[in-house]
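Hi there,

Here is the structure I said I'd pass on to you. Have a look at it first, then read my notes below.

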Amino acid sequence: MIGLIRQGLSGRHPLRRRWREHELQDRYDVVIVGGGVHGLATAYYLARDHGITNVAVLEKRYIGSGGSGRNTAIIRSNYLTPEGVLFYDESVKLYEELSAELDFNVLFSQRGHLTLAHSDAAVRTMRWRAEVNQIQGVDSRLIWPDEIARLCPHLDLSDRPRYPIVAALYHPPGGIIRHDAVVWGYAAGADERGVHIHQLTEVTGIDVEHGRVSGVRTNRGRIATGTVLNATAGWCTLISDMAGVSLPVTSHPLQACVSEALKPFLDVVVVSGSLHVYVSQSDRGEMVMGAAVDPYQSYSLDATLDFLEGLSGHILELFPGLAPVKVLRQWAGICDMTPDYSPIMGFTPVAGFLVDVGWGTYGFKAGPVSGKRIAELIATNTTPELIRPFRLARFAERALVGEKGAASVGH
Amino acid sequence: MILLACPNCGPRNASEFRYGGEARPRPDLNAVSPEEWSDYVYMRANLLGVLREWWYHRAGCGLWFIAERHTKTHEVTATYVWTGEHV
């Protein structure tokens, strides 16, 4: 008690800052553009696994202010393509160890993940997904309304809705996580190992000489470097344009909202591909709800009434009991959509300019594995097998991945 | 909220329309190389600024037309019927 009073009077915060501010050096071995989970995880694994610590992470606002702080924090690996399943499964495993690894509680709650099927066609796709998942060793199976009712008694399983629930793909290791904590944990871990995190530092240009990156210009001065990673979301085209690299990306806003806090009643994540909604209950009791991307490309972060009306209608189809509940906040993040709903990772035609972009609606859940594998790519200068399917050259080679297990895709 | 002026029907809410993406000239099919065709099919300018783009009046007259819209402010400066030339 006396200690508490003394602490209160001292005016100093008892915990040290988790990451420090630095002067911008005029040279770094690696410059990472974008201080979200992808950029910070890459910096962390570069330092931890490869001893590369002369690294700068440049963030134009504050870390985690983009997609990393705007997503609905769902983690899962029940994708449809073998490439996608393998990749996201490694990500889930890294997330499972993350609190211990970073010595920072990221509140990973593996509460189970239900993807609802509302038609025979959807049941067929779910069965396909379950088979692909099981062959890769991922816990995922088709369940019927009796088991759905046991897991989630508040769902309307009657034939009253326009699209009655026929079955569900049940993925027990799926769940939600505290997304800000993941960003902060990686930032602290990277900082501790010597990485410089520069907030309020905006990239204004990338210098390319004879087809090779030579530096990055920012609002705080120029940095000479031979390796630049574009780890931005939403603005990935604008950064790549600075290096003269074209991307097959269109940026769409993705909106989400939270309700007022309710007593805990929903302990699984519920997703409906046909209705384009996903909902979970946060530790604070709020219903966290999201849907598909806006139907036109845009860089706007504004919330729209169209979205809220559409989302509310679909949520009430699933949970009629939520009708009197009020929406507390609504926001948007920008998603970089690619033609095959898969990311773009690795080398580009400009030497030293690397990308980890095009993460669409599924970037957050892939943060750790992307960071780890991109770090490996930078350190070894070769593409790891796990991320080879996602190379930029696949479009010219017509070897697309076709990940229709992504969040904004109907079946 | 985007208000789009359909050349036939006048100003309507964007939810009546289907979005058709960037309006770009199609390469000459008899002269195009595989690389140029890949670029045309997959690569996008993804412009931050005024974009010339296709819209389809799905819940109205069924016209495909061109709109010039700012991709951040959503201000629509022009909508017109495609006249057949490359846009």
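Let's start where the two chains meet: 19 residues of chain A are in contact with 13 residues of chain B. On the chain A side, helix 7, strand 13 (250-261) and helix 8 (305-318) each supply at least two of the touching residues. Sorted by class, that side of chain A has 10 nonpolar, 8 polar and 1 charged residues. Keep in mind that this is a predicted model. For the complex, the predictor gives an ipTM of 0.93 and a pTM of 0.92. Chain B has an average pLDDT of 92, and 97% of its residues score at least 70.

Now stay with helix 7 of chain A, which covers residues 236-243. Which of its residues are buried? They are Cys236(A), Thr237(A), Ile239(A), Ser240(A) and Ala243(A). If you look down the axis of helix 7 of chain A, these buried residues fall within an arc of 165°, so they line one face of the helix.

Next, chain A as a whole. You can count 9 helices and 19 strands in chain A. Its radius of gyration is 22 Å, close to the 22 Å that the globule rule gives for 411 residues, so chain A is as compact as a globular protein of that length. Along the principal axes, the C-alpha atoms of chain A fill a box of roughly 70 × 65 × 40 Å. Of the 411 residues in chain A, 51% are buried. And if you take the contacts in chain A between residues at least 6 apart in sequence, 76% of them join residues at least 24 apart.

Last, the inside. In soluble globular proteins, nonpolar side chains tend to be buried together. Here the largest nonpolar core has 120 residues, and those with the most contacts inside it include Val31(A), Leu40(A), Leu114(A) and Val270(A). Helix 2 (residues 37-50) of chain A gives the most to this core, with 8 residues. What does Leu114(A) contact, leaving aside its neighbours within four places in sequence? Its partners include Ile148(A), Leu151(A), Ala168(A), Tyr170(A) and Val270(A). There is also a second, separate core of 8 residues, with Ile2(B), Cys6(B), Ala14(B) and Phe65(B) among them.

Terms used:
Residues are numbered from 1 along each chain as its sequence is written. Chains are lettered from A and ligands numbered from 1 in the order in which they are written. This is a predicted model: local features need pLDDT of at least 70, side-chain atom pairs count only at pLDDT 80 or more; totals for chains, interfaces and linings use all residues. pLDDT is the predictor's confidence in each residue, from 0 to 100. A residue is buried if 20 or more other C-beta atoms lie within 10 Å of its own, exposed if 12 or fewer, and partly exposed in between; C-beta atoms are placed from the backbone. Helices (H or I, at least four residues) and strands (E, at least two) are DSSP runs, numbered from the N terminus. The arc is that of the directions from the helix axis to the C-beta atoms. Two residues are in contact if their C-beta atoms, placed from the backbone, lie within 7 Å. Ala, Val, Leu, Ile, Met, Phe, Trp, Tyr, Cys and Pro count as nonpolar, Asp, Glu, Lys and Arg as charged, and the others, Gly among them, as polar. A nonpolar core is a set of buried Ala, Val, Leu, Ile, Met, Phe, Trp, Tyr and Cys residues joined through C-beta atoms within 7 Å. The radius of gyration is taken over C-alpha atoms; the globule rule is 2.2 Å times the number of residues to the power 0.38.
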